[in-house]
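Here is a short report on one protein model.

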Amino acid sequence: MNLDFMSLKTTSVAAVRGERHKEKILERQKAQELEQAMLSERELNPYWKDGGTGLPPEKDEAASVKKVTVVEDAGLSWLQKSYQRMKEQAEREKRNFEEIVAERYGSMEVFQSRLEEAEKVASRKENYYRSGRWKKTDYSESEKEKKEQHMKKETQDEDDRN
């Protein structure tokens, strides 16, 4: 009798899983190294610098979602966003907020007047849409009768064709 089958190498399922896990870890490390190699030290996106993911931190994510822009708001959302950016710039550069506003708009009063004007126009448009512009018109009795007669006439015409 030949006992060659006893000389075969055997491996357990746990050992195979361990090897696969090690291979996956090595592949991930290689992928990360490739990403790091592709990133330039002249990268402009600050979230990619210093091993970042390219996305802003989660705390800023909640703040950016809180306000949805409205179409035809007379530039109100744009001015509010500009205000927020100027505030952030003042904090970042440690400068006076009014100086930054003066650079962009001439003076704080000019910016505030534009903002107030946009708020007035936006509120008027919002009231216009809420006032029932899209409501179904309520027909008077005579118009209802005309409509019913017209419908009867159409059904009679269809019956005559058949």
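## Aromatic pairs

How many aromatic pairs does the structure hold? The structure holds 3. Rings of Phe, Tyr and Trp (its six-membered ring) pair if their centres lie within 6.5 Å.

Tyrosine 83 and phenylalanine 97 form an edge-to-face pair (planes over 60 degrees apart). Their centres are 5.3 Å apart, with 80° between the planes. Tyrosine 83 belongs to helix α3 and phenylalanine 97 to helix α4, so the pair ties together parts 14 residues apart in sequence.

## Basis of the model

This is a predicted model: local features need pLDDT of at least 70 and side-chain atom pairs 80 or more, while totals for chains, interfaces and linings use all residues. Residues are numbered from 1 along each chain as its sequence is written, and side-chain values use heavy atoms, without hydrogens and water.

## Two helices crossing

Helix α3 spans residues 76–93, and helix α4 spans residues 97–105. Helices are DSSP runs (H or I, at least four residues), numbered from the N terminus. The two axes come within 9 Å and cross at roughly 130°. Axes are lines fitted to C-alpha atoms over the stretch in contact, and angles run from 0 to 180 degrees between N-to-C directions. That angle makes α3 oblique to α4.

Contact means heavy atoms within 4.5 Å. On α3, the contact residues include Trp78, Leu79, Tyr83 and Met86. On α4, they include Phe97, Ile100 and Val101.

Key: Angles under 35 degrees count as roughly parallel, over 145 as roughly antiparallel, 65 to 115 as roughly perpendicular and the rest as oblique. Rings of Phe, Tyr and Trp (its six-membered ring) pair if their centres lie within 6.5 Å; planes under 30 degrees apart count as stacked, over 60 as edge-to-face and the rest as tilted.
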